[in-house]
Amino acid sequence: MSTSEPSIFSRILAREIPADIVYESESVFAITDIAPQAPVHLLVIPKTGEYRSVGELAKADPALLAEMVAVADQLAAERSDGEYRLVFNTGESAGQTVFHVHAHVLGGQLPEGTLA
Ligand code: 5GP
């Protein structure tokens, strides 16, 4: 569950690394992605426990996963038109680069892609 070194997201949460924190509650926070892939590209991240993947989080704390989804939905409504894609990359071959679970919230005109 936890790694020895804090993840980049934990360092952002600790304000050691600057980021645009657009939402924060007791258990979840959200930032704008540093390399946006859509007009609205947010990352929703749990504060408690550096779960490596969405599957790990779902098994350990389903309520926290549900809160992430609810926050993603709220932010998409506030910052876009409420229509969005929610992506959890899981594993290196799926494109995961930060092993601290996070939901990508992609809104606005989305790029062409295999799921489009
Ligand atoms: P993954 O590839 O693990 O699904 O997503 C990691 C995401 O984190 C990428 O979209 C990447 O652009 C974003 N990211 C990595 N480092 C930083 C950072 O220091 N600040 C912000 N705001 N986003 C980051």
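Tyr23 has Ala30 of β2 as its bridge partner. β1 and strand β2 (residues 28-32) pair in the antiparallel sense over three bridges. Pairing here requires that DSSP finds at least two bridges between two strands. The model is predicted: local features need pLDDT of at least 70, side-chain atom pairs count only at pLDDT 80 or more, and totals for chains, interfaces and linings use all residues. Residues are numbered from 1 along each chain as its sequence is written.

The pair belongs to an open sheet of five strands, in the order β1-β2-β3-β5-β4, with antiparallel pairing. β1 (21-24) and β4 (84-87) stand at the edges. Each has a single partner strand, so one side of each is left without a neighbour in the sheet. From one strand to the next, the twist averages 20°. Here axes are lines fitted to C-alpha atoms, for helices over the stretch in contact, and angles run from 0 to 180 degrees between N-to-C directions. Strands of a sheet pair through backbone hydrogen bonds, either parallel or antiparallel.

The protein chain holds three helices and five strands. Both are DSSP runs numbered from the N terminus: helices are H or I with at least four residues, strands E with at least two. From the N terminus on, the elements run α-β-β-β-α-α-β-β.

The C-alpha atoms of the protein chain fill a box of roughly 40 × 30 × 25 Å along the principal axes. A compact globule of 116 residues would have a radius of gyration near 13 Å; the protein chain has 14 Å, which agrees. The radius is taken over C-alpha atoms, and the globule rule is 2.2 Å times the number of residues to the power 0.38. Of the 116 residues, 25% count as buried. Buried means 20 or more other C-beta atoms within 10 Å of a residue's own, exposed 12 or fewer, and partly exposed in between, with C-beta atoms placed from the backbone.

Ala58 lies in helix α2 (residues 54-60). Ala58 is partly exposed, with 15 other C-beta atoms within 10 Å. Ala38 is 20 residues from Ala58 along the chain, and their C-alpha atoms are separated by 26 Å.

Around the ligand there are 14 residues, of which Ile34, Ala35, Asn89, Thr97 and Val98 come nearest. A residue is near a molecule if its C-beta atom, placed from the backbone, lies within 6 Å of it. The shell divides into eight nonpolar, five polar and one charged. Ala, Val, Leu, Ile, Met, Phe, Trp, Tyr, Cys and Pro count as nonpolar, Asp, Glu, Lys and Arg as charged, and the others, Gly among them, as polar.
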